[in-house]
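Good morning, everyone, and thank you for coming. Please take a moment to look at the structure on the screen, and then I will walk you through it.

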Amino acid sequence: MRTRRPSRLYPAGSVVLALAAAGSVLAGPAGSAFAAETAGRADLRADVNRDGRVDVTGGSDKRGEDSWSVGRGAVYLPNIDDDSKRCPVTGPGGKPLSDAKLAACNDGSDASVNGSADAADLARIRSVPMPGLDKDAQGSLKVTTGGKHAHLFLKRSGKWVLVTSKTRLTAAELRSGVEFGVEGTDVVRDSAKWDGRAVVRLTVTSGRKTTSDAVTLRVAPLLTHHHLQNTQQVMVTEVQGEGPYSRLQQKFVAELAKEVEKAGVTTPLVKFTKYADPWAQDFVEPAYVSMTGPGGQRHVMRVMLRSAQPDRDAGRELFEKVRGRDIGVVQVTDPAEPDDWSLNSMGNLETIPPYAHGGRSFPAGRIIMGERKDSGARPSKVMRTMLTSQGLQDPLLLDTSWLGVGHVDEFVQFLPADTPRGWRMGVADPEAGLRLLRDAKRDGHGKTKMFSVPGRSDSPAPKETIDQALASKHLVADNEMAARRIAANLEILKRETGVTDEEIVRVPALYTRESEVMTESGDEIPVPRLTRMGAGSDLVDSLGDHGQQKWLAENPAAPRAAAPAARATVMTSAYVPGAVNGVLLGRDRYLAPRQWGPVIGGKDIFTEAVNAAYRQAGLKVSYIDDWYTYHLGMGEVHCGTNTLRDATAAWWQQPVG
């Protein structure tokens, strides 16, 4: 695994693989022989082999205790959850706390262990019993590296006590062996400043003899989910109120709940209700940290990674509502950094499932993000630095200059597969979308309406026909351009992952820079997509206190979202609802936005083509209507939802190439 700078924490991929395969060699001697070898010396042990117990009798946790690699080494958690819900969310008189104060409180921000749930978040260290010590012997402990980022506790008389420079272990404690607990106070944010290590040293003095021993731990990396992890819960915003948009969006949430349950996900939806920001994909990225707990079971802490958009209020609800037992929140911002609102939305962060290729291994998957190469705009540097500093998911940047919103979820996804690799890549295929229209025209259906969606009093249905769509000023050229841009990104993904054309699922799609609204006389009126849900829309005006101005300010589809780009750059969004911009609910269940395409012979031709594409990948597709709730705002069902996934698999297990 490669890192930002040379470090023994993350050796090259081949070394990591060798470590993972060397279990019996690394285990070392065991039993009485090993005890004899180490008798009379201070000996500190941690869970170096990650089996969920600290071995104080054999050598399985001794060899390699002073180093760390992806495949071997003790792990501790950044204790950033709030197990007892003790962190305040308002100040005096109910006044909202600042973002900084919301983020400052968590279980690692104090110097105590707050109950059994908090104790479960501690990584355990033990001292090997020293039965022959004199009665005047004593011991001391120190976190020699990483002390500013970790707390060390001593279990004494059944209680956890903070270890300080004044803490001394008695001879009786040293004779019987002592248990310690380590917690991190934060995740790694910049490995150039702190790489996550905590080195704990035990020093024992008995008479004139002093011995010491140290163990190295590394804070668990903050990792984003990938689609080989099963969906456990779905998150969505439920906009409150009685206005037209609110009612439509509430209907979407109700239908989403039914689809989620049908897919076998029985845990109720997590509903964001406070800030009326419908883009639940964009203000948060669910992530996790984990270590092996007692009995070899993975102890997982979810971490809600707030988008690097300091003025996006919706992210506050992560602290106010979601944070709790085994759920923490991380936010990173740099006020001095230019805020590319759209690129900093989390719909612009997806994760390739685990793979190994070209001498590099990504056992926890690899992040992809979009950048605008045409203008040089990139996602937040502090966010990218933090993601890179975890050492496992090194972000790969793709070019999304050609997209108005600029998110990678608008054209690429990753799907489970019964193949040696374990997954396939799904991509939007504009050429296939154009073929559907051209074939329909060839077969005499050119006069058929392009869209079958019913209209509303405040938003009339599109009236263009297939003939008019193909003859419009930009549609064909825009999709030929989109196809070239997607092909260029695919070459990057194929080069980096080793994925072949046979492993790519091509899903029909169409993009456009503008909507062609047809008058009754058949005249075309170009209407920029960015204003299709803009000023004057009752759907937006209905949001009350969180109305049009605020909604547009927080909406990644608003004009603000179109980051500065070279004027020659054509920026598009989905013309037909983007099928790849859906939600994987189960290994064989996919929820796509309803296509509302041309209906020929009683069947929506886009729906039929999308079904066929996913059927070949072993997926059954269901559909949900998001036309007025998300599609007209330049997003789809994926943009309006989020998923919490099963993270109990070991993130250090090596993937198939």
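Let me begin with pLDDT, which is the predictor's confidence in each residue, from 0 to 100. What you see is a predicted model, in which local features need pLDDT of at least 70 and side-chain atom pairs count only at pLDDT 80 or more, while totals for chains, interfaces and linings use all residues. Residues are numbered from 1 along each chain as its sequence is written, and side-chain values use heavy atoms, with hydrogens and water left out.

The protein chain has an average pLDDT of 88, and 85% of the residues reach at least 70. Over residues 515-567, however, pLDDT stays under 50, and there the model has 133 contacts (heavy atoms within 4.5 Å) beyond four places in sequence. Residues 1-37 also stay under 50, with 70 such contacts beyond four places in sequence. Where pLDDT is low, the predicted coordinates should not be read in detail.

Turning to the interior, a nonpolar core here is a set of buried Ala, Val, Leu, Ile, Met, Phe, Trp, Tyr and Cys residues joined through side-chain atoms within 4.5 Å, and buried means under 20% relative accessible area, computed with a 1.4 Å probe on protein chains only. Which residues touch the most other members of the largest nonpolar core? They are Y76, I125, F180, V200 and W651, out of 65 residues in that core. Apart from this core lies another, of 40 residues, including V427, M481, V499 and Y511. Returning to F180, its contacts beyond four places in sequence include L44, I125, L141 and W160.

Methods
Buried < 20%, exposed > 50% of the residue type's maximum accessible area, 1.4 Å probe, protein only.
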